[in-house]
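Thanks for making time this morning. I would like to walk through one structure with you, beginning with a sheet, moving on to the packing, and finishing with the charged pairs.

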Amino acid sequence: LEFDKAINVDFSVSSEDSDGTLMIHPKLPEQATSLSIPYKPASGYLVTEQGARRIIISSKSLQYKAEAANITATDFVFTKKESVASYNLFDPSSIFEFSSVQGIAQATKSAYDDTLNKFNENFIQTFNNSIINTLPEQTIVAYVAAKAQKGELNAALNQTTSVIKNSSRRTYLSSPFFNSLVAMNSSLVMYIENSQRMIDYSIQQSSLDIFAQENLPELLCIINKETAMELTSLPSKITDFMPTIEQAAGIIHTYTKLSKLDETIAEPLAVIIEPCLTTIATACTLENEKIKLTQENQPVDFRTLLHTGCALIEYGNFTNNSDYSACGYLILNTVLAENTDSLSTVQTMGEIYPILNSENTFYPHIDIIANASTSKTGKPVWAWTVSESIKYSVGADDNLTLSIDFPVGSDQYIIINGIESFRRIDIYEMAFRTDPRFETYSSSGYVYNNFLKTLFLKLQQRSSIENINL
């Protein structure tokens, strides 16, 4: 339906069955922050439960549940972050409610912080009791990130540098800590290209498995925007949309992360978040203040549980809904307490470290510095980095400034893509010349590849934020 002031409201159902979910999804114009739509129960129906985000509407024989960002006595309220309301049959005896975990000690951030701290300390201790030169690259990188978070980056680098540099199996993953940027960039390019092919294939096959892909939100900001929009529009076009738990968690994570990176790419996913949450809720069973998830009568695997818990925490924090985040905390606390055998090897701990510590920017990651709209070049600018943040600003004279946040006294190596050609580069307010041996010197330096539009930068951090002017 179309209304004045460029407001459109989409109504859709998840299936034509009587238990299908009605979705109401207004598309708000840029200047709007919220929208209210009035409602009134039909004759023979009454509101029997009224909450800030949920109401139960009952007749003599049936109950229906409506959920939205906010529900008053007369209106559904929609916001930019939560622009979808749902309405469906409600059976209180068979459906798990996310709110049911509230009040459980292990369903809190403080309890999870304790669990995570113990995991990280155990990982560091197990690593130090291992023979380092037998460990894979990812395990070593996770260890350095864990030590860096404790303020011990340089000590961790001194401990591991010789092992990494003597390895014949290095990839782009370790380059932000251990240099060789130009040589390792080919494996990064290959990773991006392979991911692009997987996205294209998923669109062609209408497959949702791609939503479990690592770094998908960031990848969707890097590739062609039309392709990205085609992928995020895919789930809502699938008849009788019924994702697996892994797919549902991936979609929720992708939507939450993408909403912060590029709202226009994320927006098509908003309408199917509620069915994804329903998929997870349907799998949940609460017993003795612990939560179990099953799918097709089988326990959900360990890593899917981790991704699901993290996705619920992210979404709960993003929407300021503590019911979802509390459930996520309980899932993670339960799975980490009951899967000690899966956490017995340092390699396994290194593999799940980035899942549990997604906010630790010392773990190498893709940083979307500017999307195609904000870069002023029509193309995204992104980095492979361990920086806490890289700010991007273009002055009135079209000169570019990159403001890079990293611990003072430490070196880092950054691959920055989407940088247009420049005549000079200033570091520490001094002009620097390019040098192919820049990584070997005890100073900052760079190389630029004009064909790839890629800046390879070594930066010795003299202050907490260093400005690179181009």
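Predicted model: local features only at pLDDT ≥ 70, side-chain atom pairs only at ≥ 80, totals over all residues.

In what order do the strands of the open sheet follow one another? The order is β1-β2-β3-β10-β7-β6-β5, which makes 7 strands with antiparallel pairing; here strands (E, at least two residues) and helices (H or I, at least four) are DSSP runs numbered from the N terminus, and two strands pair if DSSP finds at least two bridges between them. The edges are β1 (2-3) and β5 (46-50), each of which pairs on one side only.

Residues are numbered from 1 along each chain as its sequence is written, and side-chain values use heavy atoms, with hydrogens and water left out.

Let me stay with β7, residues 63-67, where 4 of the 5 residues are buried, buried meaning under 20% relative accessible area, exposed over 50%, and partly exposed in between, with a 1.4 Å probe and protein chains only. On one hand, β7 pairs with β6 (residues 54-58) in the antiparallel sense over 5 bridges, and these two strands form a hairpin with 4 residues between them. On the other, 4 bridges join β7 to β10 (residues 85-89), again running antiparallel. You can follow this through A66, which is the bridge partner of I55 and also has Y87 in β10 as a bridge partner. Elsewhere in the sheet, β2 (residues 7-13) and β3 (residues 22-27) are antiparallel over 6 bridges, with D10 standing opposite H25.

Now the packing. A nonpolar core, as used here, is a set of buried Ala, Val, Leu, Ile, Met, Phe, Trp, Tyr and Cys residues joined through side-chain atoms within 4.5 Å, and the largest one has 112 residues, with F98, V144 and L220 among those that have the most contacts inside it. If we leave aside neighbours within four places in sequence, L220 is in contact (heavy atoms within 4.5 Å) with I199, A228, L231, T232, T254, L258 and I265. There is also a second, separate core of 23 residues, including L400 and F432.

That leaves the charged pairs. Taking a salt bridge as a side-chain nitrogen of Lys or Arg within 4 Å of a carboxyl oxygen of Asp or Glu, the count comes to 14. One of them joins K147 to E152, with the closest N and O atoms 2.5 Å apart; K147 is buried at 12% relative accessible area, whereas E152 is partly exposed at 30%.

Which residues does E338 bridge to? E338 forms a salt bridge with K290, where the closest N and O atoms are 3.5 Å apart, and with K292, where they are 2.6 Å apart. E338 lies in helix α12 and K292 in strand β12, so this pair ties together parts that are 46 residues apart in sequence. In relative accessible area, K290 has 39%, E338 has 36% and K292 has 37%, and each of these values falls in the partly exposed range. Finally, salt bridges that share partners join K65, E67 and E97 into one network.
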